[in-house]
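Welcome! Please take a look at the sequence and the 3D view below, and then we can walk through them together.

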Amino acid sequence: MKVMEHPPAAPAKLLEAWMAWERGEALPGRTMSTLKTGGLRILLERLVAEGDAPAAAVDDQPVDTGSWTPVV
């Protein structure tokens, strides 16, 4: 059985897919598909392996990750 090769993660493609979803231009299923094929898992695994902490906001204020609610 041949193991499928994954293309390198494409952060710009991932961001564009996310932004299109936020603007309401893409369906959630399509967005998930694009995030998956764009290498989101690979990118996240790499960040975890590197031990990256959550990024601070531009003004150096802590990022609030607990109050966001997705709007579909």
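**A threonine in a helix**

Where is the place of threonine 31? Threonine 31 sits in helix 2, which covers residues 28-37. Helices here are DSSP runs of H or I with at least four residues, numbered from the N terminus. This is a predicted model, in which local features need pLDDT of at least 70 and side-chain atom pairs count only at pLDDT 80 or more, while totals for chains, interfaces and linings use all residues. Residues are numbered from 1 along each chain as its sequence is written, and side-chain values use heavy atoms, leaving out hydrogens and water.

Is threonine 31 buried or exposed? Threonine 31 counts as buried because its relative accessible area is 5%; buried means under 20%, exposed over 50% and partly exposed in between, using a 1.4 Å probe and protein chains only. If neighbours within four places in sequence are set aside, threonine 31 is in contact (heavy atoms within 4.5 Å) with Ala17, Trp21 and Ala26.

**The nonpolar core**

Which residues make up the largest nonpolar core? Five residues do: Ala9, Leu14, Ala17, Leu35 and Leu43. A nonpolar core is a set of buried Ala, Val, Leu, Ile, Met, Phe, Trp, Tyr and Cys residues joined through side-chain atoms within 4.5 Å.

**Salt bridges**

How many salt bridges does a search of the whole structure find? The search finds three, where a salt bridge is a side-chain nitrogen of Lys or Arg within 4 Å of a carboxyl oxygen of Asp or Glu. Glutamate 45 pairs with arginine 41 in one of them, with the closest N and O atoms 2.8 Å apart. Both of these residues lie in helix 3 (residues 40-50), four residues apart, about one turn of the helix. Glutamate 45 is partly exposed at 42% relative accessibility, and arginine 41 is exposed at 63%.

Elsewhere, salt bridges that share partners join Glu16, Arg23 and Glu25 into one network. Arginine 23 meets glutamate 16 at 3.1 Å, N to O, and arginine 23 also meets glutamate 25 at 3.1 Å, N to O. Glutamate 16 is partly exposed, with 44% relative accessibility, and arginine 23 is partly exposed at 44% too. Glutamate 25 has a relative accessible area of 55%, so glutamate 25 is exposed.

Technical notes
Helices (H or I, at least four residues) and strands (E, at least two) are DSSP runs, numbered from the N terminus.
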